[in-house]
Each structure stands twice: as C-alpha cells, then as structure tokens.
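Subject: Structure handover

Hello,

Here is the structure we talked about. Please open it first, then read the notes below.

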Amino acid sequence: MTASDDEIFSALCELLTPFNSNNVELKLETEISTDLNIDSVSVMDFVMEVEDHFDIDIPLNVLSDTHTMKDLVSVVVERTS
Amino acid sequence: MTDLFEKHRHIAERHEKMLAAGANAVGLTNDRILSPTRAIIKGRETILAGTNNYMGITFDPDCVAAGQEAIAEFGTGTTGSRIANGTYAMHQELERELAGFLGRKHCIVFTTGYQANLGMLAGLAGPKDTIFLDADSHSSIYDGCTLSGAKLVRFRHNDAADLDKRLSRHDPEGGGRLVVLEGIYSMLGDRAPLDEFVDVKKTHGFQLLLDEAHSFGVLGTNGRGLADEAGLEEHCDFIVGTFSKSVGAIGGFGAGDHPLFETLRYATRPYMFTASPSPASIATSMAAVRKLRVQPERRDRLRGNSERLFEGFRKLGLETGCDVVSPVIAVKCPDEPSTIAMWNALLDAGVYVNIALPPGTPGKLCLLRCSVSAAHTFEDIDRIVELFGEVVASGHGLMAVGA
C-alpha cells in the first residue's frame, strides 16, 4: 500500500465507525457487508459518506464488485486520481 | 454442495422470532374483507388502517359492477402480452382516459405498479445514461434502475442541494440524465420539495420522473398528485402511478408528452414480456379513475381524516414520520421487539396497521405505519387513536418515542 492508500484506508475506517455497531476490527480484507453484518441500505448510506468525504461519485453499480475494504480503497484511488 | 437456501437462514430466524412474539406481521391473513375499512382477522372484526386504500373505492358498486361486466364480456384474463394478443380496446381506452385526467399526451398502462416503475425506468435509461435517485426511493425504483443498466447515483433524501452537488461533479460522458422523485414517500409520508428540485433542473438540465404512487388521486386540486398540488406539472417529464392505492384495483401507468413516448411499448421488457392487465382490472380501474375525476369530496374526506389522525397521534405524544399531514402517518417506535409487541397488541385490540422494519425503512427506523382512507369515519379515526393510546399506556410499546 502506498501512503495515499493508507490515508484512504484510515479515512474509510473513520467513516465506517457509525455503521460498525459490533466494533469489528477493520482490515483490508474485511468484507464490509458480511463481516460487519450491515444491511444493503446501510452499505449505501456508508458509500454516500465516502462520496462526500472524497468529493467523488461511486455509482451503485460499482458496489456489486466492491466487497472488501481493499476493494473500496481501490475504487476511491481510481476515482480520485 | 452449497445449499441455495443457506443465504436466507438469517431471514428465517428473524421471522421465527416474529412468530414467537405473536401473529405473522408480514403476511397476516384477512379471512374476509367486509369493506374498505373492515376485515375479519383472527376471527374478529378489525379496523383496517394500513391498506393504502386512500379513496376507499374498492367496494364502490359502480366499480364492482364494471369488473363483473368485464369478466362476463371479455373473460377472466387476456392470456397474452400487449405486444401479442393482449391489447384490448379497453386497455387503450383506459390509457386515453388517464392521459386526459393527467393532461398528458401519452399514457401506457402496466400490469402492476411495480412493473410501471420497472418499465418506465428500464425504457427511459440505458447503460450510457445516469439515474439520480432519492435515497428513500421505493424498491421498485431501485429495481427499475438496476434493470435499466444505467449508472446509479443516490442523493440524500429530499435534499435538492445534495442532488445539485452530485450533478455538478458528474460527467455525463454523452449520456442522458434522469432524476427520480416520489410525490409522497411510502414509509414516512413526506412529500418531495418539488419546487427546489425544479430549480436544480433549471440549472443542470435533466429529465425528471415523478412517481405519484401514493399521491395520485390524493394531492392537488384535480387529484393528479404532487405536481398538480405544487403547480409544477410542466416541469415533470414523466409521471408514474399505480392502480393499487387510490384506484383500488391493480396495475400501473407511465405518462408523458415526449413525441417518442409510445416507442417505450417496443423497448421496455416489463411491458413487452408479461400478460396485460385482466379485463376486470382494467374495467374497475377505469370506473375508479372516472369517479376520482368527478368526486373531489373523496379527497376532502381523506384530508380531514388524515389531519384528525395526525393530530390525535400528536396529542398522545407519539413521534410521527414527518411534520406534514398526508394519508401516510407513521409512528416511530424504539426498536424491533417493541414494535412487534405494539403491532400485536393493536391487532388484538382490533386495529390493523403496517409494520415496517429495517432495511425496508430509512435510517433504520422501526415504524407502525398507518394509511388513512376516505372511507374511514371520524369514529374510526378516534378509535384508532384511542387504541394506540391504550397500547402505549399498557407498556406494550415500552415508550412513546419523543413523548
């Protein structure tokens, strides 16, 4: 991971905190929906926070291929570059 | 081998918990329907306060007779899609009637309200286009967006500034842009601030679809919905509606003025590859739409009943889904177990309301959702309020949120 990736991961962890009610430890390989046991609407609400934090669009279609924190870091990197 | 049902095990477990607490709140059996506001449930007469039967028109003698005559004359079903053998003169007559009612050049009837959203969204938007949808949109809108293959951007509920921001940073890359709003949102009963969205439309340029499922027949001087009430119909490019609420039947429609609107009939799969609405559905819908046109007093009664229920709940200290009165009045509850307990207590006391739980609700809310009918009497409304008060006081609901 580059420094930038680290920063993005940290920011994502922070944004995810309100949705992580079971306080699951967040790693790059964490599956956002299944490991955190959050429903589809909450995932979309979380992604909306990510969009606003980085001032990017993440169309919902992209989410079907985005499962882990690492996937999401890649999406943010791609869309902020 | 992976059992295909394994992914649904948590749903089954959640449902079992609900059943352990009482009746099946997400599949309750109506043994008999006595009227738009009464049913026999669990062997006793129950007030219906969660049916979306806004105009109370389901037992109107003229509508019932129209359905009976249509079955006798045209049969029980059409046995085919609109693009094969399933287009009858009555389908086209209803489309003309609705277009006239809405003041639109074109109207297409769909077999259900769900399919109306699927058909309109999948017909209008394609993979090169982008749909901007309100975060609280109905599932049929989400599903229609998915079927369209368009890029989907979700904006914060009823937040025109948020839509403006998302449009500003979006590159359409040559594709079209469609914004989807609802007249009345089904869970909380709040309206879209249409004037604010129209301002955004003037800035950015997009086509606007307004789903009037819960507002058609209900809002506006002419009963055409939120766009009618707000005086902004000319800014709404496409209107979607359903027959399963104020029209008291089953089916749906899409309407608009675009010169190529009729081509949707040959471009959208939810219209092309399903049986057309049955003769009885079309005939009862036609009779009901004609009633809505000439009986504005139904809307007046609905408004009076809605205000009475809203005020009644407020006096009890209950927190409702929104601050504006509409026929959808949702009571916020503390959590899932207490919501289920309150729902059962209300049913046992003689009133049926909808239970609405996450993820089917915005913001993880647990709701007891009431929908008001023009057919309710003031006595019915007062009884509903009284029973809510008794249930809250008895501790079933643990507490009235916001009290």
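Chain A has 5 helices and 0 strands. Helices (H or I, at least four residues) and strands (E, at least two) are DSSP runs, numbered from the N terminus. Along the sequence, the pattern of chain A reads α-α-α-α-α. The radius of gyration of chain A is 11 Å, close to the 12 Å from the globule rule for 81 residues, so chain A is as compact as a globular protein of that length. That radius is taken over C-alpha atoms, and the rule is 2.2 Å times the number of residues to the power 0.38.

Two notes on the source. This is a predicted model, where local features need pLDDT of at least 70, side-chain atom pairs count only at pLDDT 80 or more, and totals for chains, interfaces and linings use all residues. Residues are numbered from 1 along each chain as its sequence is written, while chains are lettered from A and ligands numbered from 1 in the order in which they are written.

More on chain A. Its C-alpha trace spans about 30 × 25 × 20 Å along the principal axes. Of its 81 residues, 20% are buried. Buried means 20 or more other C-beta atoms within 10 Å of the residue's own; exposed means 12 or fewer; partly exposed is in between, with C-beta atoms placed from the backbone. Contacts here are pairs of residues whose C-beta atoms, placed from the backbone, lie within 7 Å. Among contacts in chain A with a separation of 6 or more, 55% involve residues 24 or more positions apart.

Look at Asn37(A). It sits in the loop between helix 2 (32–36) and helix 3 of chain A. Most residues other than glycine have a negative phi, and most peptide bonds are trans. Asn37(A) counts as exposed because it has 12 C-beta neighbours inside 10 Å.

Now chain B. Its secondary structure comes to 13 helices and 14 strands. The C-alpha atoms of chain B fill a box of roughly 60 × 55 × 55 Å along the principal axes. In chain B, 53% of the 403 residues count as buried. Of the contacts in chain B between residues at least 6 apart in sequence, 73% join residues at least 24 apart.

Chain B has an open sheet of 4 strands in the order 1-2-3-12, with mixed pairing. Strands pair if DSSP finds at least two bridges between them. Strand 1 (32–35) and strand 12 (351–352) of chain B are the edge strands, each pairing on one side only. Strand 2 (residues 38–41) and strand 3 (residues 44–48) of chain B pair in the antiparallel sense over 4 bridges.

Two backbone spots in chain B deserve a look. The peptide bond from Pro358(B) to Pro359(B) is cis, with omega near 5°. Pro359(B) is in the loop between strand 13 (354–356) and strand 14 (366–371) of chain B. Thr79(B) has a phi near 55°, positive in a residue other than glycine. Thr79(B) lies in the loop between helix 2 (61–74) and helix 3 (89–102) of chain B.

Last, the interface. Here 10 residues of chain A are in contact with 10 residues of chain B. Helix 3 of chain A gives the most to the side of chain A that touches chain B, with 4 residues.

Best wishes

Conventions: Two residues are in contact if their C-beta atoms, placed from the backbone, lie within 7 Å.
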